Amino acid sequence: MTKELKEKHEVLKKYFAELGSAAIAFSSGVDSTFMLKVAHDVLGDKAVALTAKSRFFPAREKDEAEEFCQREGIVHRIIEIDESAIPGVKENPKNRCYLCKKALFERFLETAKELNLACVCEGSNMDDNGDYRPGLKAIAELGIKSPLRECNLWKSEIRELSKELGLATWNKPSFACLASRFVYGEEITPEKLAMVERAEQVLLGLGFVQERIRIHSFGNDETSGVLARIEVVRQDFEKVIGHKDKIVSLLKEIGFSYVSLDLEGYRTGSMNETLKK
């Protein structure tokens, strides 16, 4: 580990020490796991993990969050939220992430106040300053702390520090909520969310590590269907073809009409590519 990275780690620890207490938004991903670990190391029980229970996140992520907190002895609260009840969210407008983040973090702020914690922290990093990130606007408006960004930590650095701390998430694939699999303007329903979650579990079960199932509905009253657009890293293209019969069969059982492979491969924010600049 470089001297610069050690210094950033120390700056982050000092950051939490100065907060005195904090509620940590914890999704079990790379960033939030590292942030929670450092916060707990510094603050002990004055660092409380908050995890959303939601249709927008696979059950496996919530389970991993619970297991980590139990193993580390971290105080953990599960906050149930129904995104479909948030005005405008199920219609999936281009600012959907803003609407969701604002509603979720308002709940987190309420919980932090109930627990007499100084603030709420979330895990965005320096890499999140690019692309289209309307959720960060909600974070800023609500006064949520972003320790990793404020301490100038990049994703690669967080992975390296996570490895140094012995965190199993150091090489965990990047993840975004299941709503990010939908085309803007397409209604987000519990049924379709379940289809995406099950389809991605199929790919994970076949050994794919970094993958996405993007969902595209089409048609009218007379004919309609649902297309699954598979994104995997390019070196896994041949692996997809090798498993094509099984993938097609299982995804059609789930309810997809057609199954396709995106030849551009996996990339974050691919649904943002059609937004007008």
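Visitor: What makes the radius of gyration of the protein chain agree with that of a compact globule?

Guide: In this predicted model, the protein chain has a radius of gyration of 19 Å, and a compact globule with 277 residues would have one near 19 Å, so the two agree. Along its principal axes, the C-alpha trace spans about 60 × 40 × 40 Å. Of the 277 residues, 49% count as buried. The chain holds ten helices and seven strands. Among contacts between residues at least 6 apart in sequence, 72% join residues at least 24 apart.

Visitor: Why are α8 and α10 called roughly antiparallel?

Guide: Helix α8 (residues 190-205) and helix α10 (residues 244-254) pack at an angle of about 160°. Angles over 145 degrees count as roughly antiparallel, so this label applies to the pair. Their axes are 10 Å apart, and the crossing of α8 and α10 is right-handed.

Visitor: What is the packing angle of α4 and α5, and how far apart are their axes?

Guide: Helix α4 (residues 96-114) and helix α5 (residues 135-142) pack at an angle of about 35°, and their axes are 7 Å apart. The crossing of α4 with α5 is right-handed.

Visitor: Which residues make the contact of α4 with α5, and what is the polar one?

Guide: On the α4 side are Cys97, Tyr98, Lys101, Lys102, Phe105, Glu106 and Leu109; on the α5 side are Gly135, Lys137, Ala138, Ile139, Glu141 and Leu142. This contact divides into seven nonpolar, one polar and five charged.

Visitor: How do you know whether Lys62 is buried or exposed?

Guide: Lys62 has 19% relative accessibility, and buried means under 20%, so Lys62 counts as buried. Lys62 lies in helix α3 (residues 59-72).

Visitor: Which residues does Lys62 touch, leaving out those up to four places away in sequence?

Guide: Lys62 touches Lys53 and Ile78. As for Ala103, Lys62 is 41 residues from it in sequence and 19 Å from it in space, C-alpha to C-alpha.

Technical notes
Residues are numbered from 1 along each chain as its sequence is written. This is a predicted model: local features need pLDDT of at least 70, side-chain atom pairs count only at pLDDT 80 or more; totals for chains, interfaces and linings use all residues. Side-chain values use heavy atoms; hydrogens and water are left out. Axes are lines fitted to C-alpha atoms, for helices over the stretch in contact, and angles run from 0 to 180 degrees between N-to-C directions. Helices (H or I, at least four residues) and strands (E, at least two) are DSSP runs, numbered from the N terminus. Angles under 35 degrees count as roughly parallel, over 145 as roughly antiparallel, 65 to 115 as roughly perpendicular and the rest as oblique. A crossing is left-handed if the near helix is turned anticlockwise from the far one by less than a right angle, and right-handed if clockwise. Buried means under 20% relative accessible area, exposed over 50%, partly exposed in between (1.4 Å probe, protein chains only). Contact means heavy atoms within 4.5 Å. The radius of gyration is taken over C-alpha atoms; the globule rule is 2.2 Å times the number of residues to the power 0.38. Ala, Val, Leu, Ile, Met, Phe, Trp, Tyr, Cys and Pro count as nonpolar, Asp, Glu, Lys and Arg as charged, and the others, Gly among them, as polar.
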